[in-house]
Amino acid sequence: MAERRHATLALIGLPNAGKSTLLNVLLGQKLAATSQIPQTTRTRVLGVVNRGDVQLAFLDTPGFHLPKHILNERMMSHVEQALEEADLLLWVVDADAFLGAGERALAKRLKKLDRPVYLLLNKIDLVSKSRLLEKIATYKDLLPFKEIVPIGARLGLNLDPLWSLLERDAERNGWLYDPDTFTDQTERSLASEFIREKVLRKTREEVPHGVAVLIERWLEAGQEEYPEDLGPEGVFIAARILVDRDGHRKILLGSQGEMIKDIRQSAQRELRKLLQRPVRLELFVKVDEGWRDRPEKLDRLEL
Ligand SMILES: Nc1nc2c(ncn2[C@@H]2O[C@H](COP(=O)(O)OP(=O)(O)OP(=O)(O)O)[C@@H](O)[C@H]2O)c(=O)[nH]1
Ligand SMILES: [Mg+2]
């Protein structure tokens, strides 16, 4: 029997490049929230895939950006931790976007690190072959990439060559996680992320950046105040959505509450899929001005 090997791979890049979409498609299951809003991911998310003798531990990270609030500083320290931990870096770029100051800053950081880096040119469904070749030529000057792989995370395009390269480059002895370990995220943290995702997908401008979700109650059958009509298999979840300003609370509620109703319904559907059991979700919106700059609040939110 061949020896077991493993590698830890950090998915890094600018906000909105498609890192979390890639994590989900590589895992074949949704673990990370994804949205069109930059800075969707706020922490480090582990997803483990075992392929034959090879174990690949992917770390999704927040998009690389200049911190404005303490929240953003913490997001960047999650990136730093993942960079330190990883054996190999997967730099995901939006092939449909220009190479700008953010990419140059990240390249500078990676140069200092001296770790092998793959360039994953994502969203190939949006660009022509000739533009893709141009992009490859521009990026090549930034860093000596170990591999350059064009992919389409959303549609799962061209992932086979990526898998082969990752399997080849997993060089560490043994496995890091037991075969049943799939992620480090708890059901509660996934639930709060999926609720936040629905908020991000339905609101715009500055609202999404000031939103956080806190699970307040998680009740199962037999517990006090569990709604018995949900049946013996169900779970009752009450979550608080924090917003930064009263104006944002109004946007989130919508006229006659239709926005929050819509968010609640789509989040509840998603949680049923995640937990594979009946779910009843209740949402409350609360203004908590300046939460992004309060360390004790960020601790409570596990950010
Ligand atoms: N057309 C297209 N869109 C994609 C592809 N991959 C991701 N996207 C979209 O790009 C947007 C950003 O995706 P995310 O996966 O949230 O990006 P991210 O890099 O994790 O972003 P942050 O968490 O903000 O750093 C979403 O709207 C995705 O649906 C792709 O292959 N093609
Ligand atoms: Mg993300």
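Colleague: Which residues does Phe-194 touch, not counting residues up to four places away in sequence?

Modeller: In this predicted model, Phe-194 is found in helix H6, which covers residues 187–202. Phe-194 counts as buried because its relative accessibility is 2%, and buried means under 20%. Leaving out residues up to four places away in sequence, the residues that Phe-194 touches are Lys-30, Leu-31, Ala-32, Ala-33, Glu-270, Leu-271 and Leu-274.

Colleague: What distance separates the C-alpha atoms of Phe-194 and Leu-253?

Modeller: Phe-194 belongs to helix H6, and helix H7 is the run 246–253. Along the chain, Phe-194 and Leu-253 are 59 residues apart, and their C-alpha atoms are separated by 18 Å.

Colleague: Which domains does the domain assignment of the protein give, and how many residues of domain 2 are in contact with domain 1?

Modeller: The assignment gives domain 1 as 5–173 and domain 2 as 187–300. The C-alpha centres of domain 1 and domain 2 lie 28 Å apart. On the side of domain 1, 16 residues take part in the contact, and on the side of domain 2 the number is 20.

Colleague: What share of the residues of the protein count as buried, and what share of the accessible surface belongs to carbon and sulfur atoms?

Modeller: Of the 303 residues, 53% count as buried. The accessible surface comes to about 14,700 Å², and the part of this surface that belongs to carbon and sulfur atoms is 49%.

Colleague: How far apart do the centres of the positive and negative side chains lie?

Modeller: The protein has 47 positive side chains and 47 negative ones.

Colleague: Is Arg-42 buried or exposed, and which residues is it in contact with beyond its neighbours within four places in sequence?

Modeller: Arg-42 lies in the loop between helix H1 (19–27) and strand S2 (45–51). Because its relative accessibility is 4%, Arg-42 counts as buried. Arg-42 and Glu-302 are 260 residues apart in sequence, with 9.9 Å between their C-alpha atoms. Leaving aside neighbours within four places in sequence, Arg-42 is in contact with Pro-62, Leu-71, Met-75, His-78, Arg-196, Pro-208, His-209, Val-211, Ala-212, Trp-291 and Leu-303.

Colleague: What is the phi of Asp-114?

Modeller: Most residues other than glycine have a negative phi. Asp-114 lies in the loop between helix H3 (101–113) and strand S5 (117–122), and it is exposed, with a relative accessible area of 69%. Although Asp-114 is not a glycine, its phi is positive, at about 55 degrees.

Colleague: Where does Gln-256 lie, and what is its relative accessible area?

Modeller: Gln-256 is not a glycine, and yet it has a positive phi of about 55 degrees. Its place is the loop between helix H7 (246–253) and helix H8 (258–275). Gln-256 is exposed, since exposed means over 50% and its relative accessible area is 84%.

Colleague: How far apart in space are Gln-265 and Lys-198, C-alpha to C-alpha?

Modeller: Gln-265 is found in helix H8, where it counts as partly exposed at 33% relative accessibility. In sequence, Gln-265 and Lys-198 are 67 residues apart, while in space, C-alpha to C-alpha, their separation is 9.6 Å.

Colleague: Which residues does Pro-67 touch, not counting residues up to four places away in sequence?

Modeller: Pro-67 has its place in the loop between strand S3 (54–60) and helix H2 (70–85), and it is partly exposed, with a relative accessible area of 40%. The C-alpha atoms of Pro-67 and Val-213, 146 residues apart along the chain, are separated by 21 Å. Beyond residues up to four places away in sequence, Pro-67 touches Asn-72, Glu-73 and Met-76.

Notes: Residues numbered from 1 in each chain as written. Chains lettered and ligands numbered in written order. Predicted model: local features only at pLDDT ≥ 70, side-chain atom pairs only at ≥ 80, totals over all residues. Heavy atoms only, no water. Buried < 20%, exposed > 50% of the residue type's maximum accessible area, 1.4 Å probe, protein only. Areas by Shrake-Rupley, 256 points an atom, 1.4 Å probe, with all protein chains shown as cover. Lys, Arg positive; Asp, Glu negative; His and termini not counted. Charge placed at Lys NZ, Arg CZ, Asp CG, Glu CD. Domains from an automatic or database assignment. Contact = heavy atoms within 4.5 Å. Helix = DSSP H or I, 4+ residues; strand = E, 2+ residues; numbered from the N terminus.
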